[in-house]
Amino acid sequence: MTTDLAFSFLGSGAPPVSLRRAGPAHLVEAGGSKVLIDCGSGVSQRLIAAGHAGAQIDALIVTHEHSDHLVDFYQLIVSSWHQGRNRPWRVLAPAPALANMRGQYEAFARERALRIAFEKRPDATGLEVVFEELREGPVAGMEGLGIEAFLVDHKPVEPAFGLSLSANGSRVVFSGDTRLTPSLERAAQGCDLLVCEVFIDSQMPVTAGVRSAETVASVQSYHMTPAVVAGLAKRADVKALALTHLVPPGADTVALFAEVRAGGYTGPLIVGEDLMRLELPARLLRWNGAALGF
């Protein structure tokens, strides 16, 4: 069975700690290229669990500056070196996220030098990083994989990006973190798979000492509720919809599924789970030993 484009959920969670859902991270494979999108908490472990390793990744794209999307950057660098990585990292991110990751990298300069000098591994090239600013438009240099970055609206965090990923006629659109925005509407039109964030407002009650009504309203304002996601998928006539970056990570997924259906989207619907892999054009879902069509 041919797989031209594969999309894997490494971390489908959000800032709250969850044993079920690691921090935001996804893997795209096509034409021999492997691209990691975001590097949230636990990404190095999830890569190994998914049968990959940081040493094999061709590029890392970080969509925006929020901590849950880049907190494990340095751990990824070091763990990949321990796996035998022997080429520099290519890292693309908007300027504020780049500044954060440069800061992480520089903060460990002394530690890194000690490791290199003492451990005497064959090659230190895998610890080197080439930082590139992510901008709107095509991302060059990905063999067999087309990547187009488009601006989304996650203000006050800006810029923030979504991604259109394509190979051999198959196309996946990844929303990134965003409120509903025309750029995402345009990108999603007719795509084979829309992978979309979701803020499950019905499962985010006000909780004394944790979140006020103002907190809930603020966080909801720069994300998309199940009803909004359903409307987007329906209008864009996507061939399949998958949900990720679940807020809260411990949400009742059956209730979430029902909410999206109530919102009017009737096509194939997947609530993402860590280590789930979706393959196109076969429209095959692999997870935990199961194989299903979607």
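Mentor: Let us start with classes: Ala, Val, Leu, Ile, Met, Phe, Trp, Tyr, Cys and Pro count as nonpolar, Asp, Glu, Lys and Arg as charged, and the others, Gly among them, as polar. This is a predicted model, in which local features need pLDDT of at least 70 and side-chain atom pairs count only at pLDDT 80 or more, while totals for chains, interfaces and linings use all residues. Residues are numbered from 1 along each chain as its sequence is written, and side-chain values use heavy atoms, leaving out hydrogens and water.

Trainee: What is the volume of the largest cavity?

Mentor: A cavity is a set of points, on a 1 Å grid over the protein atoms alone, where a 1.4 Å probe fits but cannot get out. Grid points are joined across faces, edges and corners, and a volume is the space filled by probe spheres set on the points. The structure holds 1 cavity of 30 Å³ or more. The volume of the largest cavity is about 40 Å³.

Trainee: How many polar residues does the lining of the largest cavity have?

Mentor: Lining residues have an atom within 4 Å of a point. Around the largest cavity they are Pro24, His26, His69, Phe174, Ser175, Gly176, Asp177, Glu197, Thr244 and His245. Sorted by class, this lining has 2 nonpolar and 2 charged residues, and its polar residues number 6.

Trainee: Which element gives the largest share of the lining of the largest pocket?

Mentor: A pocket is an open set of points with protein on both sides within 12 Å along at least five of seven lines. The largest one has a volume of about 290 Å³, and the elements giving two or more residues to its lining are α6 (213-221) and β12 (241-247). Such helices (H or I, at least four residues) and strands (E, at least two) are DSSP runs, numbered from the N terminus. The largest share, 3 residues, comes from α6.

Trainee: Which residues lie nearest the centre of the largest pocket?

Mentor: The lining of the largest pocket has 10 nonpolar, 4 polar and 3 charged residues. Of the 17 residues that line it, those nearest the centre are Pro15, Pro16, Val219, His223 and Val247.

Trainee: Which residues are closest to the centre of the second largest pocket?

Mentor: The second largest pocket has a volume of about 170 Å³. Its lining numbers 15 residues, and the closest to the centre are Ser18, Arg21, Ala22, Gly23 and Ser41.

Trainee: Why is strand β1 largely enclosed by the rest of the structure?

Mentor: Buried means under 20% relative accessible area, exposed over 50%, and partly exposed in between (1.4 Å probe, protein chains only). Strand β1 (residues 3-11) is largely enclosed because its buried residues number 8 of the 9.

Trainee: Which residue in β2 does Ala6 stand opposite?

Mentor: Two strands pair if DSSP finds at least two bridges between them. β1 pairs with β2 in the antiparallel sense over 5 bridges. Also antiparallel, over 5 bridges, is the pairing of β1 with strand β14 (residues 277-281). On the β2 side, Ala6 stands opposite Glu29.

Trainee: A polar contact of 2.5 Å joins the side chains of Glu29 and which residue?

Mentor: Glu29 is found in strand β2 (residues 25-30) and counts as buried, at 13% relative accessibility. A polar contact is a pair of N or O atoms within 3.5 Å; within protein, one must be able to donate a hydrogen and the other to accept it, and residues adjacent in sequence count only if both atoms are side-chain atoms. At 2.5 Å, the side chain of Glu29 makes such a contact with that of Arg277.

Trainee: What relative accessible area does Leu47 have?

Mentor: Leu47 lies in helix α1 (residues 43-49). Leaving aside residues up to four places away in sequence, Leu47 touches Leu10, Leu27, Leu36, His52, Ala53, Gly54, Ile57 and Leu76, where contact means heavy atoms within 4.5 Å. Leu47 is buried, and its relative accessible area is 0%.

Trainee: Just after α2, which residue takes a positive phi?

Mentor: Helix α2 (residues 73-82) is largely enclosed by the rest of the structure, because 8 of its 10 residues are buried. Among them are Phe73, Tyr74 and Trp81. Just after α2, a positive phi of about 100 degrees is taken by Gly84.
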